[in-house]
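Please look through the structure shown below, together with its sequence, before reading the notes that follow it.

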Amino acid sequence: MKVTCKSIMLVEDDQVDTMTVRRALKELHVMNPLQHVENGEEALNFLRNPANPRPCLILLDLNMPIMGGIEFLQIAKHDESLKGIPVVVLTTSEEQEDKVESFQLGVAGYMRKPVDYPQFVETIRTIDAYWTISELPQ
Amino acid sequence: MKVLEGKDPLWLLGSAADAMFIAGPDGRILAANRAAETLFGYAREALLNTPIESLIPPRFRAAHRAQRTDYAAHPASRVMGSGFDLHGMRKDGTEFAADVSLSPLEDGLVLATVHDITRRKRAEEALSEQSARLRAIVDTAVDAIITIDERGTIDSFNPAAEHLFGYAPSEVLGKNVSLLMPSPYHEEHDGYLQRYLATGEKRIIGIGREVVAQRKDGTAFPIELAVSEMRVGGRRLFTGLVHDITQRKQAQARQEELIRELEGANDELKNFAYIVSHDLKAPLRGIGSLADWLVADQAEKLDDEGREYLRLITQRVRRMDGLIDGILQYSRVGRVKETRVEVDLNQLLRDAIDSLAPPEHIAITVAGALPTIRTEKTRIQQVFQNLLSNAIKYMDKPHGEIRIDCVGAGEGWEFSVSDNGPGIEARHFKRIFQLFQTLAPRDRVESTGVGLALVKKIVELYGGKIWLESKLGEGSTFFFTLPKRGQSTLTTRRGSQ
């Protein structure tokens, strides 16, 4: 990604999915540090602590325990200090409802996790390519 | 008056229209006029000196003798119609209703005038029969019938009303009808009535509506009330027809409950499909990724057999992924509603064929122009795509031919997709439309067995039919119909998407 010093936040409860993202990023030589949290609530706690670095991108799963992705978006996108961070939903859900709701809550993208690992790498490659070209507010 | 001079009093008798007799103290007829002869059918000679009783039916004679004796003791004028129902008997034995007036003359003589009242009697009987009939209708009616006057006072209360409300007529007649209503109607009814009488504005009269009534024991129950207004002898009355709709209401409530349950079950099913999509896929993806990394990272530690096993794992993961997608697709039909648009099937088929990218040796032709129909685009696309991809996937001839045709058969369109592929045995015709049913082993042809089930579900939801004709070794033709009108069967109760 463009600004290498900034971290990427991954909000994901599944261990293998987390490994998949890490592995794909490594394979694609994305050097941004990955900040992993397991659900929406942990993500909010991390983001609201001024001691923590602010991520340049959030990869968000939807179906998680304690606080799911949609609920996280409902809070984060109404929070002045957080709404500017781009969020890309990375999920299994193909439900129209989830897509519509996500975009109404201002997500920057909606990607489906493929079952197949090589395809997963392609998905991450696309995300990386986009955020390498796209300008982000400082 | 000159003309009357010298006339015998009997002349007067003779010219009267009514039958007249003069009877002696012993009851014997002393004189009778012409009208009397005519009425009773006797010649005057036969009447004279016979007892007056011979002119009444035998069964009344004894009583008449007693009455006559009584009258002789206290003679007084008795006018017609004073309440005695008498009968006369003619010479031929026939009887008639008669009204008789009596006037005492001198020396114990009595003048009796007899008037035939048969016609009046008949009219009276007809009237009372009619009113008895009307009363019987009211008394035997299944619905309660209650009349009130313009002050709301109960004027009549039929047996069905007694039964329904639990009051005896004596308990309610003369009372205000609001007695039969629960609060707040109980308090408000006088106001309703006054408003109607003042404004003539009808809220219930002649309209009928569902309201709540109250029994004697205080329980309330739903009724259908129809009120009509009438004027009887200058009085303004209102008739209320009360039909107990407790059972209908209960049935309605039960129906609503069933619908709620169904909606609940439907929502559950919807959630189920969602959970299947997410919760089953997550671990599946894990298995796929791990198998892939084993191949990538540990390849040198595995022999050919190990690598083959991992390849099979990956393949199964993809297959299961396909099955889950199939379930989702299948469950989405009819659940997720799409906007209906005009779909040009010619364009749709060109796109579908392009996206399927059939191999060189398979030719797909569209016979003639296809119609433009108003429908949900994705669904009709799924129908053609699945039928075509099956035809392509199973093609076993060096020169494959697939042909799409359409005839506008009356009320609907009949589409067909035919191929010169392997054909299907008739005994499998039913099975192939069932979910997850395939005829070829999955390792030979990757198939989830969802396609035709999906096609059938879509076609049937649109009110069409699907069937096939096939000859083993020569090919198959799949037919389906779509109604030209009333394609609106594909609706969900609350389509939100």
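Strand β4 (residues 87–91) of chain A pairs with β5(A) in the parallel sense over four bridges, where two strands count as paired if DSSP finds at least two bridges between them. In β5(A), A:G109 is the bridge partner of A:V88. This is a predicted model, in which local features need pLDDT of at least 70 and side-chain atom pairs count only at pLDDT 80 or more, while totals for chains, interfaces and linings use all residues. Residues are numbered from 1 along each chain as its sequence is written, and chains are lettered from A and ligands numbered from 1 in the order in which they are written.

**The sheet of chain A**

- Five strands with parallel pairing form an open sheet in the order β2-β1-β3-β4-β5 (chain A); helices (H or I, at least four residues) and strands (E, at least two) are DSSP runs, numbered from the N terminus.
- The edge strands are β2 and β5 (109–112) of chain A, each of which pairs on one side only.
- Neighbouring strands of this sheet are turned by 20° against each other on average, direction ignored, with axes taken as lines fitted to C-alpha atoms, for helices over the stretch in contact, and angles running from 0 to 180 degrees between N-to-C directions.

**Helices on that sheet**

- Helix α1 (residues 15–27) of chain A packs on the sheet and touches β1, β2 and β3 (57–60) of chain A, its direction making about 175° with that of β2(A); residues are in contact if their C-beta atoms, placed from the backbone, lie within 7 Å.
- Helix α2(A) lies across β1 and β2 of chain A and runs at about 130° to β2(A).
- In helix α2 (residues 40–48) of chain A, the residues A:G40, A:A43 and A:L47 are buried, which requires 20 or more other C-beta atoms within 10 Å of a residue's own, with C-beta atoms placed from the backbone.
- Seen down the axis of α2(A), its buried residues fall within an arc of 60°, so they line one face of the helix; the arc is that of the directions from the helix axis to the C-beta atoms.
- The buried residues of α2(A) pack against β1 (8–11), β2 (34–37) and α3 (69–76) of chain A.

**The sheet of chain B**

- An open sheet of five strands, with antiparallel pairing, has the order β7-β6-β10-β9-β8 (chain B).
- Its edge strands are β7 (154–157) and β8 (209–214) of chain B.
- Strand β6 (residues 144–149) of chain B runs antiparallel to β7(B) and is joined to that strand by three bridges, and the partner of B:T147 in β7(B) is B:S156.

Key:
A residue is buried if 20 or more other C-beta atoms lie within 10 Å of its own, exposed if 12 or fewer, and partly exposed in between; C-beta atoms are placed from the backbone. Two residues are in contact if their C-beta atoms, placed from the backbone, lie within 7 Å.
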